[in-house]
Amino acid sequence: MSSDSLDILAFGAHPDDVEIGMAGTIAKQVEAGSRVGICDLTRAEMSSNGTVELRQQEAAAASAVLGLSARSCLDLPDRGLTGSEEQIAAVTAEIRKARPRIVFAPYWQDRHPDHIACSRLIEQAVFNAKLRRYLPELPPVSVEQLIFYYINDVEAVNLMVDVSAHYEKKRQALGCYRSQFEAAAPGEDRVVTPLTGAYIANVEARDRLLGSQRTWAFAEGFAVKRPQPIHLF
């Protein structure tokens, strides 16, 4: 691993996606010494609330809370993640530059079409990243594991991480995205969306319910398509 490579690279369609799904896990891994990065595919320019500039400021604040080693944005079009060859190549190049051991992507089923499209893009790019004749100007990278995190709905959890000791960091990171999660104050140019109001409370309830399966205070759930090796002894 080169000095500037990452242990973990998590992709999201929009700023805040990764934090919703796995901010606790990121905080835990960073505390353990891992180099973690986030790549947002878009700048969320179609969001009903907040400007692109404000969303970038919020993402930077959340990155500082979590202690990220890197954060990037590919400037792909919001609501325009088509899975084109150009978009797959852009994601593949990002993986090859970061050279992560593990890549995270949104779960492949979600009520937001961009999350589904992001998941498919990342899966294609992880596969292409190891092909030495694809984008030959960048050295190939074989990612050890592709892991899927949940943003909205949760199903088929086959990995869980105890984030009880790091949950306050998740609260702080999500709290950076005031434009998305707080109800509008009188006179503010904002509208009611599924994210305003109780969304963060619902995320916390989800993580608490997952944790209760292992008598943990909070857990974040994940899914894998390839078996994840563990060391029992």
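In the predicted model, Ala62, Val65 and Leu66 of α2 meet Lys169, Gln172 and Ala173 of α5. Sorted by class, the residues of this contact of α2 with α5 divide into four nonpolar, one polar and one charged. The axes of the two helices, α2 and α5, come within 8 Å and cross at roughly 165 degrees; because angles over 145 degrees count as roughly antiparallel, α2 and α5 are described as roughly antiparallel to each other. The crossing of α2 and α5 is right-handed.

Helix α5, which spans residues 167–175, also packs with helix α1, formed by residues 17–31, at an angle of about 135 degrees and with the axes 8 Å apart. That angle makes α1 oblique to α5, and the crossing of α1 and α5 is right-handed. On the side of α1, the contact is made by Glu19, Ile20, Gly21, Met22, Ala23, Gly24 and Ala27, while α5 contributes Lys169, Lys170, Ala173 and Leu174. By class, six nonpolar, two polar and three charged residues take part in the contact of α1 with α5.

The burial of residues in α5 was examined next. Tyr167, Lys170, Ala173 and Leu174 of this helix are buried, and, seen down the axis of α5, the buried residues fall within an arc of 115 degrees, so that they line one face of the helix. The elements that cover these buried residues of α5 include the helices α1, α2 (52–66), α6 (178–181) and α7 (199–212), together with the strand β7 (219–224).

The class composition of the contact of α3 with α4 is eight nonpolar, four polar and one charged residues.

Two residues of this contact were considered individually, one from each helix. Thr92, which lies in helix α3 (residues 85–98), has a relative accessibility of 0% and counts as buried. When its neighbours within four places in sequence are left aside, Thr92 is in contact with Ala125, Asn128, Ala129, Tyr134 and Leu135. Thr92 and Leu135 are 43 residues apart in sequence, whereas their C-alpha atoms are 8.5 Å apart in space. Asn128, placed in helix α4, likewise counts as buried, at 12% relative accessibility. Leaving aside the neighbours of Asn128 within four places in sequence, this residue is in contact with Ile88, Thr92, Arg96 and Tyr134. Between Asn128 and Arg96 the separation is 32 residues in sequence and 10.0 Å in space, C-alpha to C-alpha. Tyr134 is accordingly found among the contacts of Thr92 and among those of Asn128.

Several loop residues were also examined. Leu135, a contact of Thr92, lies in the loop between α4 and β5 (145–149), and the phi of Leu135 is near 45 degrees, a positive value in a residue other than glycine. A positive phi in a residue other than glycine is likewise found at Asp75, where the angle is near 60 degrees. Asp75 is located in the loop between β3 (70–73) and α3, and is partly exposed, with a relative accessible area of 47%. Val157, in the loop between β5 and β6 (159–162), counts as partly exposed at 30% relative accessibility. Not counting residues up to four places away in sequence, Val157 touches Tyr150, Leu210, Gly221 and Phe222.

Terms used. Residues numbered from 1 in each chain as written. Predicted model: local features only at pLDDT ≥ 70, side-chain atom pairs only at ≥ 80, totals over all residues. Heavy atoms only, no water. Axes fitted to C-alpha atoms, helices over the stretch in contact; angles between N-to-C directions. Helix = DSSP H or I, 4+ residues; strand = E, 2+ residues; numbered from the N terminus. Parallel < 35°, antiparallel > 145°, perpendicular 65-115°, else oblique. Left-handed = near helix turned anticlockwise from the far one by under 90°. Contact = heavy atoms within 4.5 Å. Nonpolar A, V, L, I, M, F, W, Y, C, P; charged D, E, K, R; others polar. Buried < 20%, exposed > 50% of the residue type's maximum accessible area, 1.4 Å probe, protein only. Arc of directions from axis to C-beta.
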